[in-house]
Amino acid sequence: MIELQNLVKKYGNFTVLNGISVTIESGEFFVILGPSGAGKSTLLKVIAGIEKLDSGRIIVDGKDITNLPPEKRNIAMVFQNYALYPNMTVYDNIAFPLKMRKMKKEEIDERVKRVAKILGITDILNKNVTKISGGQQQRVALARAIVREPSFYLLDEPLSNLDARTRFIARGELKRIQKELNGTFIYVTHDQKEAMSLADRMAVLHMGKFEQIGKPIELYEYP
Ligand code: ADP
Ligand code: ADP
(Lines give C-alpha, C1' and ligand atoms only; values in the text may rest on other atoms or scores of the structure.)
(Ligands and ions follow the chains in the order given, each with its own letter.)
Protein backbone atom coordinates (compact mmCIF):
# COMPACT_ATOMS: atom_id res chain seq x y z
CA MET A 1 0.00 0.00 0.00
CA ILE A 2 1.29 3.44 -0.95
CA GLU A 3 0.04 6.51 0.85
CA LEU A 4 0.69 9.94 -0.61
CA GLN A 5 -0.06 12.52 2.06
CA ASN A 6 -0.52 16.13 1.05
CA LEU A 7 2.45 16.32 -1.36
CA VAL A 8 3.61 19.81 -2.24
CA LYS A 9 6.33 20.61 -4.78
CA LYS A 10 7.41 24.06 -5.96
CA TYR A 11 9.84 25.21 -8.61
CA GLY A 12 10.76 28.71 -7.41
CA ASN A 13 7.42 30.37 -6.70
CA PHE A 14 5.57 28.10 -9.15
CA THR A 15 3.60 25.39 -7.31
CA VAL A 16 3.51 22.24 -9.46
CA LEU A 17 1.98 19.90 -6.88
CA ASN A 18 -0.41 21.57 -4.48
CA GLY A 19 -1.49 18.95 -1.96
CA ILE A 20 -1.68 15.52 -3.59
CA SER A 21 -3.23 12.82 -1.41
CA VAL A 22 -4.29 9.29 -2.26
CA THR A 23 -3.91 5.72 -0.98
CA ILE A 24 -3.00 3.14 -3.63
CA GLU A 25 -3.60 -0.51 -2.78
CA SER A 26 -1.10 -3.30 -3.45
CA GLY A 27 -1.74 -4.93 -6.81
CA GLU A 28 -3.60 -1.90 -8.10
CA PHE A 29 -3.12 -0.38 -11.57
CA PHE A 30 -3.45 3.32 -10.74
CA VAL A 31 -3.44 5.82 -13.61
CA ILE A 32 -2.84 9.55 -13.35
CA LEU A 33 -4.36 11.46 -16.25
CA GLY A 34 -3.48 15.05 -17.08
CA PRO A 35 -2.40 17.28 -19.96
CA SER A 36 1.22 18.04 -20.76
CA GLY A 37 2.68 20.33 -18.10
CA ALA A 38 0.19 19.21 -15.42
CA GLY A 39 3.00 17.90 -13.21
CA LYS A 40 2.73 14.15 -13.87
CA SER A 41 6.46 13.57 -14.33
CA THR A 42 7.21 15.72 -11.32
CA LEU A 43 4.86 13.62 -9.19
CA LEU A 44 6.62 10.41 -10.23
CA LYS A 45 10.01 12.01 -9.59
CA VAL A 46 9.14 12.99 -6.03
CA ILE A 47 7.79 9.49 -5.36
CA ALA A 48 11.02 8.03 -6.74
CA GLY A 49 13.05 10.49 -4.69
CA ILE A 50 14.77 12.07 -7.70
CA GLU A 51 13.15 15.43 -6.86
CA LYS A 52 12.75 16.73 -3.31
CA LEU A 53 9.33 17.54 -1.85
CA ASP A 54 8.60 20.88 -0.20
CA SER A 55 6.20 19.15 2.17
CA GLY A 56 4.10 16.04 2.58
CA ARG A 57 4.84 12.40 3.33
CA ILE A 58 5.12 9.17 1.38
CA ILE A 59 4.34 5.96 3.28
CA VAL A 60 4.93 2.51 1.75
CA ASP A 61 3.54 -0.48 3.65
CA GLY A 62 3.52 1.56 6.82
CA LYS A 63 7.09 2.78 6.41
CA ASP A 64 7.85 6.47 5.91
CA ILE A 65 10.16 6.72 2.85
CA THR A 66 9.90 10.51 2.44
CA ASN A 67 13.54 11.11 3.29
CA LEU A 68 15.11 7.95 1.85
CA PRO A 69 17.51 8.33 -1.10
CA PRO A 70 16.21 6.90 -4.44
CA GLU A 71 18.36 3.75 -4.31
CA LYS A 72 16.90 2.78 -0.92
CA ARG A 73 13.27 3.03 -2.06
CA ASN A 74 13.05 -0.18 -4.07
CA ILE A 75 10.93 1.50 -6.74
CA ALA A 76 11.22 0.78 -10.46
CA MET A 77 10.76 3.60 -12.94
CA VAL A 78 10.03 3.12 -16.65
CA PHE A 79 10.22 6.14 -18.95
CA GLN A 80 9.06 6.86 -22.48
CA ASN A 81 12.62 6.96 -23.78
CA TYR A 82 13.65 3.65 -22.29
CA ALA A 83 17.39 4.44 -22.15
CA LEU A 84 18.59 0.93 -22.95
CA TYR A 85 22.36 0.42 -23.12
CA PRO A 86 22.90 0.44 -26.90
CA ASN A 87 25.98 -1.75 -27.26
CA MET A 88 24.66 -4.62 -25.22
CA THR A 89 22.43 -7.58 -25.87
CA VAL A 90 18.91 -7.83 -24.51
CA TYR A 91 20.20 -10.30 -21.93
CA ASP A 92 22.94 -7.98 -20.68
CA ASN A 93 20.57 -5.03 -20.52
CA ILE A 94 18.21 -6.96 -18.26
CA ALA A 95 21.05 -8.44 -16.18
CA PHE A 96 22.80 -5.10 -15.68
CA PRO A 97 20.99 -3.89 -12.52
CA LEU A 98 21.61 -7.28 -10.89
CA LYS A 99 25.31 -7.27 -11.80
CA MET A 100 25.55 -3.84 -10.19
CA ARG A 101 24.25 -5.46 -7.00
CA LYS A 102 26.92 -8.16 -7.31
CA MET A 103 24.36 -10.93 -7.42
CA LYS A 104 25.60 -14.45 -8.23
CA LYS A 105 25.73 -15.40 -11.91
CA GLU A 106 23.39 -18.37 -11.49
CA GLU A 107 20.76 -16.30 -9.74
CA ILE A 108 21.05 -13.55 -12.36
CA ASP A 109 20.60 -16.13 -15.11
CA GLU A 110 17.57 -17.64 -13.42
CA ARG A 111 15.91 -14.26 -12.90
CA VAL A 112 16.64 -12.93 -16.41
CA LYS A 113 15.16 -16.05 -18.01
CA ARG A 114 12.08 -16.03 -15.80
CA VAL A 115 11.36 -12.36 -16.58
CA ALA A 116 12.06 -12.87 -20.30
CA LYS A 117 9.47 -15.63 -20.32
CA ILE A 118 6.81 -13.44 -18.68
CA LEU A 119 7.44 -10.74 -21.31
CA GLY A 120 7.71 -13.11 -24.28
CA ILE A 121 11.25 -12.05 -25.26
CA THR A 122 13.11 -15.32 -24.65
CA ASP A 123 14.03 -15.74 -28.32
CA ILE A 124 15.65 -12.29 -28.65
CA LEU A 125 17.86 -12.44 -25.53
CA ASN A 126 21.04 -12.63 -27.60
CA LYS A 127 20.20 -9.79 -29.96
CA ASN A 128 21.71 -6.33 -29.72
CA VAL A 129 19.02 -3.93 -28.45
CA THR A 130 19.51 -1.66 -31.47
CA LYS A 131 18.44 -4.55 -33.75
CA ILE A 132 14.96 -5.09 -32.29
CA SER A 133 11.65 -3.27 -32.79
CA GLY A 134 10.29 -0.42 -30.67
CA GLY A 135 7.72 -2.70 -29.09
CA GLN A 136 10.44 -5.19 -28.19
CA GLN A 137 12.63 -2.43 -26.76
CA GLN A 138 9.70 -1.39 -24.61
CA ARG A 139 9.43 -4.90 -23.23
CA VAL A 140 13.16 -5.04 -22.53
CA ALA A 141 12.90 -1.78 -20.57
CA LEU A 142 10.06 -3.26 -18.56
CA ALA A 143 12.01 -6.50 -18.05
CA ARG A 144 14.97 -4.53 -16.70
CA ALA A 145 12.64 -2.91 -14.16
CA ILE A 146 10.84 -6.13 -13.17
CA VAL A 147 14.04 -8.15 -12.69
CA ARG A 148 14.94 -6.11 -9.60
CA GLU A 149 11.68 -7.25 -7.98
CA PRO A 150 10.72 -3.76 -6.82
CA SER A 151 7.92 -3.10 -4.36
CA PHE A 152 6.16 -0.98 -6.99
CA TYR A 153 6.43 0.56 -10.44
CA LEU A 154 6.28 4.11 -11.75
CA LEU A 155 5.56 4.35 -15.47
CA ASP A 156 5.89 7.67 -17.29
CA GLU A 157 4.01 7.43 -20.62
CA PRO A 158 5.97 4.27 -21.44
CA LEU A 159 3.99 3.51 -24.60
CA SER A 160 3.99 6.95 -26.20
CA ASN A 161 6.83 6.23 -28.63
CA LEU A 162 5.04 3.26 -30.17
CA ASP A 163 2.85 3.46 -33.26
CA ALA A 164 -0.92 3.25 -32.70
CA ARG A 165 -1.26 -0.45 -33.49
CA THR A 166 1.69 -1.58 -31.38
CA ARG A 167 0.51 0.67 -28.57
CA PHE A 168 -2.89 -1.00 -28.58
CA ILE A 169 -1.30 -4.44 -28.29
CA ALA A 170 1.21 -3.24 -25.70
CA ARG A 171 -1.60 -1.97 -23.46
CA GLY A 172 -3.13 -5.42 -23.29
CA GLU A 173 0.29 -6.93 -22.61
CA LEU A 174 1.08 -4.45 -19.89
CA LYS A 175 -2.19 -5.14 -18.13
CA ARG A 176 -1.56 -8.90 -18.35
CA ILE A 177 1.97 -8.51 -16.97
CA GLN A 178 0.78 -6.32 -14.13
CA LYS A 179 -1.80 -8.91 -13.11
CA GLU A 180 0.71 -11.74 -13.42
CA LEU A 181 3.21 -9.92 -11.19
CA ASN A 182 0.41 -8.73 -8.92
CA GLY A 183 2.41 -5.49 -9.21
CA THR A 184 1.41 -2.08 -7.94
CA PHE A 185 1.61 0.27 -10.92
CA ILE A 186 1.42 4.05 -10.94
CA TYR A 187 1.09 5.04 -14.57
CA VAL A 188 0.89 8.57 -15.96
CA THR A 189 -0.53 9.55 -19.33
CA HIS A 190 -2.20 12.44 -21.15
CA ASP A 191 -4.30 9.97 -23.17
CA GLN A 192 -7.81 9.48 -21.80
CA LYS A 193 -8.48 6.29 -23.79
CA GLU A 194 -5.25 4.77 -22.55
CA ALA A 195 -6.09 5.72 -18.98
CA MET A 196 -9.55 4.18 -19.19
CA SER A 197 -8.39 0.95 -20.77
CA LEU A 198 -5.61 0.37 -18.22
CA ALA A 199 -6.81 1.74 -14.90
CA ASP A 200 -8.30 -0.11 -11.97
CA ARG A 201 -8.65 3.40 -10.57
CA MET A 202 -7.57 6.72 -11.95
CA ALA A 203 -7.04 10.30 -10.86
CA VAL A 204 -7.26 13.47 -12.91
CA LEU A 205 -4.41 15.87 -12.18
CA HIS A 206 -5.38 19.53 -12.61
CA MET A 207 -3.79 22.68 -11.19
CA GLY A 208 -1.55 20.62 -8.91
CA LYS A 209 -4.38 18.65 -7.33
CA PHE A 210 -6.28 15.44 -7.94
CA GLU A 211 -9.66 16.64 -9.16
CA GLN A 212 -11.38 13.28 -9.25
CA ILE A 213 -10.38 9.80 -8.15
CA GLY A 214 -12.34 6.70 -9.05
CA LYS A 215 -12.87 3.77 -11.37
CA PRO A 216 -12.87 4.77 -15.06
CA ILE A 217 -16.60 4.01 -15.30
CA GLU A 218 -17.28 6.37 -12.39
CA LEU A 219 -15.36 9.23 -13.99
CA TYR A 220 -16.44 8.91 -17.60
CA GLU A 221 -19.47 7.49 -19.28
CA TYR A 222 -18.67 5.20 -22.14
CA PRO A 223 -20.09 6.39 -25.47
P1 ADP B 1 3.97 16.65 -17.20
O2 ADP B 1 4.78 15.44 -16.90
O3 ADP B 1 2.54 16.55 -16.73
O4 ADP B 1 4.05 17.07 -18.64
P5 ADP B 1 6.00 18.01 -15.68
O6 ADP B 1 5.96 17.42 -14.33
O7 ADP B 1 7.08 17.60 -16.62
O8 ADP B 1 4.57 17.87 -16.35
O9 ADP B 1 6.10 19.60 -15.53
C10 ADP B 1 5.12 20.34 -14.79
C11 ADP B 1 5.49 21.79 -14.83
O12 ADP B 1 6.67 22.00 -14.05
C13 ADP B 1 5.80 22.34 -16.22
O14 ADP B 1 5.31 23.65 -16.29
C15 ADP B 1 7.31 22.29 -16.30
O16 ADP B 1 7.80 23.27 -17.16
C17 ADP B 1 7.68 22.59 -14.84
N18 ADP B 1 8.98 21.97 -14.50
C19 ADP B 1 9.28 20.66 -14.57
N20 ADP B 1 10.53 20.42 -14.15
C21 ADP B 1 11.03 21.62 -13.78
C22 ADP B 1 12.29 22.05 -13.26
N23 ADP B 1 13.27 21.18 -13.01
N24 ADP B 1 12.43 23.36 -12.99
C25 ADP B 1 11.43 24.24 -13.21
N26 ADP B 1 10.24 23.91 -13.71
C27 ADP B 1 10.02 22.62 -13.99
P1 ADP C 1 8.26 15.74 -20.20
O2 ADP C 1 7.15 16.71 -20.55
O3 ADP C 1 8.45 14.66 -21.19
O4 ADP C 1 8.17 15.25 -18.79
P5 ADP C 1 9.98 18.05 -20.34
O6 ADP C 1 10.47 18.31 -21.72
O7 ADP C 1 8.90 18.86 -19.75
O8 ADP C 1 9.65 16.50 -20.27
O9 ADP C 1 11.20 18.14 -19.33
C10 ADP C 1 12.43 17.54 -19.58
C11 ADP C 1 13.34 17.81 -18.39
O12 ADP C 1 13.53 19.23 -18.19
C13 ADP C 1 12.78 17.28 -17.08
O14 ADP C 1 13.84 16.71 -16.33
C15 ADP C 1 12.20 18.48 -16.39
O16 ADP C 1 12.26 18.34 -14.97
C17 ADP C 1 13.09 19.60 -16.89
N18 ADP C 1 12.33 20.85 -17.03
C19 ADP C 1 11.11 20.99 -17.58
N20 ADP C 1 10.70 22.27 -17.54
C21 ADP C 1 11.69 22.96 -16.94
C22 ADP C 1 11.88 24.34 -16.61
N23 ADP C 1 10.93 25.25 -16.84
N24 ADP C 1 13.04 24.68 -16.02
C25 ADP C 1 13.96 23.78 -15.76
N26 ADP C 1 13.86 22.46 -16.04
C27 ADP C 1 12.74 22.06 -16.62
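These legends go with a set of close-up views of a predicted model.

View 1. Before zooming in, here are the confidence scores. Averaged over the protein chain, pLDDT comes to 91, and 97% of the residues reach at least 70. For the model as a whole, pTM is 0.84 and ipTM is 0.69.

**View 2. The largest pocket.** Rolling a probe the size of a water molecule over the atoms shows where empty space is left. Here, the largest pocket holds about 560 Å³ of space. It has 20 lining residues, and I75, M77, F79, A145 and R148 sit closest to its centre. What kinds of residues make up the lining of the largest pocket? There are 14 nonpolar residues and 5 charged ones, plus 1 polar residue.

**View 3. The second largest pocket.** This one has about 200 Å³ of space. Look for K52, L53, T66, N67 and R73, which are the closest to its centre out of 15 lining residues. Strand β4 (residues 55-60) supplies the largest share of the lining, with 3 residues.

**View 4. The nonpolar cores.** In soluble globular proteins, nonpolar side chains tend to be buried together. In this model, the largest nonpolar core brings together 47 residues. Which of them have the most contacts inside that core? They are V90, I94, I121 and M202. Zoom in on M202 and, leaving aside neighbours within four places in sequence, you'll find it touching residues from several parts of the chain, including F30, V31, L33, A195, Q212, P216 and Y220. There's also a second, separate core of 29 residues, with V16, I24, I65 and F210 among them.

**View 5. Two asparagines with a positive phi.** Most residues other than glycine have a negative phi, and most peptide bonds are trans. N74 isn't a glycine, yet its phi is positive, at about 55 degrees. You'll find N74 in the loop between β5 (63-64) and β6. Is N74 buried, partly exposed or exposed? Its relative accessibility is 31%, so N74 counts as partly exposed. N182 also has a positive phi, of about 50 degrees, without being a glycine. N182 sits in the loop that runs between α5 (164-181) and β8 (185-189). With 56% relative accessibility, over the 50% cut-off, N182 counts as exposed.

Notes
Residues numbered from 1 in each chain as written. Chains lettered and ligands numbered in written order. Predicted model: local features only at pLDDT ≥ 70, side-chain atom pairs only at ≥ 80, totals over all residues. Heavy atoms only, no water. 1 Å grid on protein atoms, 1.4 Å probe; cavity = no way out; pocket = protein on both sides within 12 Å on 5 of 7 lines; lining within 4 Å. Points joined across faces, edges and corners; volume = space filled by probe spheres on them. Nonpolar A, V, L, I, M, F, W, Y, C, P; charged D, E, K, R; others polar. Helix = DSSP H or I, 4+ residues; strand = E, 2+ residues; numbered from the N terminus. Core = buried A, V, L, I, M, F, W, Y, C linked by side-chain atoms within 4.5 Å. Buried < 20%, exposed > 50% of the residue type's maximum accessible area, 1.4 Å probe, protein only. Contact = heavy atoms within 4.5 Å. pLDDT = per-residue confidence, 0-100.
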